[in-house]
Amino acid sequence: MENTIAQIQTIPLQYYIIFCSALFSIGVAGVLSKRNAIVIFMSVELMLNSANLLLTAFSAYRNDPAGQIFVFFIMVVAAAEVAIGLGLLVVVYRSTKTIDIDVLNRLKW
Amino acid sequence: MFSIYLFIFLSVVALFSALKVLLSKKPIHSVLYMTLTFFTLAGHYILLNAQFLAVVHVIVYAGAIMVLFLFTMMLLNLNLEGEFSKSTLMKIVAVIAGGLLFLVLIASLKSFDVATVGTPELTQIGLVKNLGNILYKDYLLPFELSSILFLSAMVGAVMLGKKD
């Protein structure tokens, strides 16, 4: 039994780092290139998720459960953040009739 | 060997759908591709033997957050096409910035050695029983505080959402 388990080739941790970096970079590019506030929110979720996956990967490879507890709390905070953020978006839409973030430039200078 | 193929398949699907989130014209398609990304990430969690997180991820993200996005989009009638687009220069700059960030993160891999102690196939920490034990013993106070955070988020969302 031990031999068969040892023979399973495990995925190198570097693969997870590369994958999560790619996902994080896609999220960053999305935040920078979009004007629709909802898509920007989704890009932020993408970045949070890549960080979550990497935390889980490190926690599984290093046998430390603290990482997975952290991921759980990050999910809690992300859920609260989305609820508040979408509420704010509704308020912004009511007052400006758009969710184009380039319209909201009064704090720019 | 099978797990590596599975990893590559899930990663390719996740990256493809993450790109489609940014590239699709209609926001509703972005939301649906985002849901696909979340499901592939749940597959990654299962691959890492983190069953509890996989289940929580599906329930919270695919179940709650995406429904919230869809409902906001539906209620505000925001599914408009081609209304928002930054200038081509800004898009190119954004892609270059993201690519450079990716390059820096990958390049930093060269300079350190990733030491692994356990393997995800053998580890048992991701199971509900073990994680629950730790959550309710060592992390009881943060766990209870997160409920207060949820309560305040709920009150805030209701306060923001109601018509004055």
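Select Ile40(A) to begin: this residue is partly exposed because 19 other C-beta atoms lie within 10 Å. By the criterion used here, a residue is buried if 20 or more other C-beta atoms, placed from the backbone, lie within 10 Å of its own, exposed if 12 or fewer, and partly exposed in between. The model is predicted: local features need pLDDT of at least 70, side-chain atom pairs count only at pLDDT 80 or more, and totals for chains, interfaces and linings use all residues. Residues are numbered from 1 along each chain as its sequence is written, while chains are lettered from A and ligands numbered from 1 in the order in which they are written.

Ile40(A) is located in helix H3 of chain A; helices (H or I, at least four residues) and strands (E, at least two) are DSSP runs numbered from the N terminus. Contact requires C-beta atoms, placed from the backbone, within 7 Å. Next, draw a distance from Ile40(A) to Asn52(A), twelve residues apart along the chain; their C-alpha atoms are separated by 18 Å.

Now display the whole of chain A. Its secondary structure consists of four helices and zero strands. Of the 109 residues in chain A, 45% are buried. Among contacts in this chain between residues at least 6 apart in sequence, 42% join residues at least 24 apart.

Turn next to the boundary between the chains, where 58 residues of chain A are in contact with 71 residues of chain B. On the chain A side, helix H2 (13-33), helix H3 (37-62) and helix H4 (66-96) each supply at least two residues. H4(A) gives the most, with 19 residues. Colouring this side of chain A by residue class shows 41 nonpolar, 13 polar and four charged residues. Here Ala, Val, Leu, Ile, Met, Phe, Trp, Tyr, Cys and Pro count as nonpolar, Asp, Glu, Lys and Arg as charged, and the others, Gly among them, as polar.

Finally, select helix H2 of chain B, residues 27-47. This helix has 21 residues and reaches 30 Å from its first C-alpha to its last, close to the 30 Å expected at 1.5 Å a residue; the expected span is 1.5 Å times one less than the number of residues. The buried residues of H2(B) include Tyr33(B), Phe38(B), Leu41(B) and Tyr45(B). Their cover includes H3 of chain A together with helix H1 (2-23) and helix H3 (51-76) of chain B. Just after H2(B), stop at Asn49(B), which takes a positive phi of about 65°.

Methods:
Two residues are in contact if their C-beta atoms, placed from the backbone, lie within 7 Å.
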